[in-house]
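Subject: Structure handover

Hello,

Here is the structure I promised to pass on. Please open it alongside this note, and read on for what turned up.

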Amino acid sequence: MQYEVVFAGFGGQGVMLIGQLLANAAMMQGKEACWMPSYGPEMRGGTANCTVVVSDEPIGSPVVPAPGAAVVMNRPSMDKFEPMLKPGGLLVVNSSLIDRKASRTDIDVIYVDANHLAEHTIKSPRSANMVALGAYIGRTNAATPEIVKEAMAKKMTNKARFLPANKAALDLGISVSREQE
Amino acid sequence: MEKLMMKGSEAIAEAAVRAGCRLFFGYPITPQNEIPEYMSRRLFEVGGQFVQAESEVAASNMIYGAAAVGARVMTSSSSPGISLKQEGLSYCAGSELPVVVVNIMRGGPGLGGIQPSQSDYWQSTKPGHGDWHPLVLAPSTIQEAADLVMDAFDLADEYRNPVMILGYGLIGQMMEPVAFREYQPREFDKSWTTCGCKGRPPNIVNSLYLDPNILEEHNHAIFQKYERMKREEVRFETFRMDDARFCLAAYGTVARICKTAIAQLRDEGIKVGLIRPITLFPFPEAVFREARVRWILDIEMSMGQMIEDVRLAVRGRTPVHFYGRVGGVVPTPDEIVRKVREMYKEGVK
């Protein structure tokens, strides 16, 4: 089984971080994993994305023209990656910042009010990325929530005080995606 | 062995430190800045020295000096920066100095772009001025990059010759799990170094030979080392070649993209395999020559550079075709599938 997912948003939303958390978690689960960032000259507030491939087998191409899933945190990312998804793919939409519905009917869509939930329910506005990651994890088996939390603890050693909020944000995202099943 | 999720550039730098590299001289250029960044922090921890040189030319002469006193030393850059380093590297080859150079290629010519490209096959395997070659290693995964860097230092010392690690953004920027093997230090003869001559005649490290007869002899001596490399150091990987009727030729991460394409083509009943050179110099000629296939399709992120060595290897016995993407465009498995399918259906010879 192979999972491919693009995490996309604007610089500062933490899309690179949630991609790394998934890749780390997959590795800790004994799977093959690969994280590839977009790189190049970008301005503050510009777009950023990374592709994560998780597989039971050695990973061939780290370049995925039609990913199985995309987590889009802002409108330009949705416009870019929705058309690229493979038929039957999964689109996680941050409905706090994206004012349109998905236009494709051949894909699964989860709408998650990530910024709103992070700010008002978790009281941690910057954990919106974790809510979105939770929504993805809740629908797929790319990595278990427990291992993602372990990866979080390992990765964020110098930000340990934010750990409880981030774990809660992940759980909230998972429950949102399960409600929409 | 503990696995770490690491960026290729950082894995390359860490592998170098674990192989005993304590000196790094470089100059920033995308997409390999994480190598000097990592070294600037890490070498400080292990008692080494990091210098951000005033230019690439300066850095390539600093590694000359470090190698001349017997130190393990590395530099890194990307395509246009490697052009600038070529002068110093030729001096290293002429003076028979063991240095390790990392080239994280980008698109060209000129300033080009910064996205993945294999535009430096020529300037890596057939470099700047003078008759010489570096030994060139081309990893396809981050794990292999880390392993090859450790080997690179030993190969540089074994042959007293520059060794180059050749990657691009897909190696330098990508993260994959890495387990560093326990590096086993080997003893190398360092009696030739210029590190104090008390009680013995002075050693001279130099590439200047004004007597043509002596310089000719020196050139022959250097090429004897290359003949030994061709006998002892050739590395390659074959994939599904046992029953293959058609063969893809690709190096680095492009070979992984080919493997994904091959899985799909095999499902369609097209018997295609892959030969992946790991050493680009010395080039794995024999495996290409001995492959009993209808044709070879050489796939590169260039306008066709390695294809010249593939053609020389098969000596006209096997037709060699080409498919390439350039400018930083990475070929997808689908387009390789389409290309092979098309050639198969048209009965290309």
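A cut-off to start with: buried means under 20% relative accessible area, with a 1.4 Å probe and protein chains only. Keep in mind that this is a predicted model.

**His133 in chain B**

Is His133(B) buried or exposed? Its relative accessibility is 16%, so His133(B) counts as buried. The residue sits in a loop of chain B, between α5 (121–125) and β6 (135–137). Leaving out residues up to four places away in sequence, His133(B) touches Thr125(B), Lys126(B), Pro127(B), Asn161(B), Phe223(B), Tyr226(B) and Phe281(B). Phe50(B) is 83 residues away along the chain, and 27 Å separates its C-alpha atom from that of His133(B).

**Thr318 in chain B**

This is another loop residue. Thr318(B) lies between α11 (307–314) and β14 (320–324) of chain B. With a relative accessible area of 9%, Thr318(B) is buried. Which residues does Thr318(B) contact, leaving aside neighbours within four places in sequence? They are Ala291(B), Val293(B), Arg294(B), Trp295(B) and Ile296(B).

**Helix α1 of chain B and its two partners**

Take α2 as the partner to begin with. Helix α1 (residues 8–18) of chain B and helix α2 (residues 34–45) of chain B cross at roughly 40 degrees, and their axes come within 8 Å. The two helices, α1(B) and α2(B), are therefore oblique to each other. α1(B) passes α2(B) in a right-handed crossing. On the α1(B) side, the contact uses Ser9(B), Glu10(B), Ile12(B), Ala13(B), Glu14(B), Ala16(B) and Val17(B). On the α2(B) side, it uses Glu34(B), Ile35(B), Tyr38(B), Met39(B), Arg42(B) and Leu43(B). The residues of this contact of α1(B) with α2(B) divide into eight nonpolar, one polar and four charged.

Now α6. The axes of α1(B) and helix α6 (residues 142–159) of chain B come within 8 Å and cross at roughly 30 degrees. That makes α1(B) roughly parallel to α6(B). The crossing of α1(B) and α6(B) is right-handed. From α1(B), the contact takes in Gly8(B), Ala11(B), Ile12(B), Ala15(B), Ala16(B) and Arg18(B). From α6(B) come Ile142(B), Ala145(B), Ala146(B), Val149(B), Met150(B) and Phe153(B). The residues of the contact of α1(B) with α6(B) divide into ten nonpolar, one polar and one charged.

**Chain A overall**

Chain A has six helices and six strands. From the N terminus on, the order is β-α-β-β-β-α-β-β-α-α-α-α. For 181 residues, a compact globule would have a radius of gyration near 16 Å; chain A has 15 Å, which agrees. The C-alpha trace of chain A spans about 40 × 40 × 40 Å along its principal axes. Buried residues make up 57% of the 181. Among contacts in chain A with a separation of 6 or more, 57% join residues 24 or more positions apart.

**Leu22 and helix α1 of chain A**

Leu22(A) lies in helix α1 of chain A. Leu22(A) is buried, with a relative accessible area of 0%. What does Leu22(A) touch, not counting residues up to four places away in sequence? The set is Val5(A), Phe7(A), Val52(A), Val54(A), Leu133(A), Tyr136(A), Ile137(A), Ala142(A) and Ala143(A). Of these, Leu133(A) is 111 residues from Leu22(A) along the chain, with the two C-alpha atoms separated by 8.3 Å.

**Helices α1 and α5 of chain A**

Helix α1 (residues 15–28) of chain A packs against helix α5 (residues 145–155) of chain A at an angle of about 115 degrees, with their axes 8 Å apart. α1(A) and α5(A) are therefore roughly perpendicular to each other. The crossing of α1(A) past α5(A) is right-handed. α1(A) brings Leu17(A), Gln20(A), Leu21(A), Asn24(A), Ala25(A) and Met28(A). These meet Ile147(A), Val148(A), Glu150(A), Ala151(A), Met152(A), Lys154(A) and Lys155(A) in α5(A). The residues of the contact of α1(A) with α5(A) divide into eight nonpolar, two polar and three charged.

In α5(A), the residues Pro145(A), Ile147(A), Val148(A), Lys149(A), Ala151(A) and Met152(A) are buried. Their cover includes α1, α4 (128–139) and α6 (163–179) of chain A.

Best wishes

Key. Residues are numbered from 1 along each chain as its sequence is written. Chains are lettered from A and ligands numbered from 1 in the order in which they are written. This is a predicted model: local features need pLDDT of at least 70, side-chain atom pairs count only at pLDDT 80 or more; totals for chains, interfaces and linings use all residues. Side-chain values use heavy atoms; hydrogens and water are left out. Axes are lines fitted to C-alpha atoms, for helices over the stretch in contact, and angles run from 0 to 180 degrees between N-to-C directions. Helices (H or I, at least four residues) and strands (E, at least two) are DSSP runs, numbered from the N terminus. Angles under 35 degrees count as roughly parallel, over 145 as roughly antiparallel, 65 to 115 as roughly perpendicular and the rest as oblique. A crossing is left-handed if the near helix is turned anticlockwise from the far one by less than a right angle, and right-handed if clockwise. Contact means heavy atoms within 4.5 Å. Ala, Val, Leu, Ile, Met, Phe, Trp, Tyr, Cys and Pro count as nonpolar, Asp, Glu, Lys and Arg as charged, and the others, Gly among them, as polar. The radius of gyration is taken over C-alpha atoms; the globule rule is 2.2 Å times the number of residues to the power 0.38. Buried means under 20% relative accessible area, exposed over 50%, partly exposed in between (1.4 Å probe, protein chains only).
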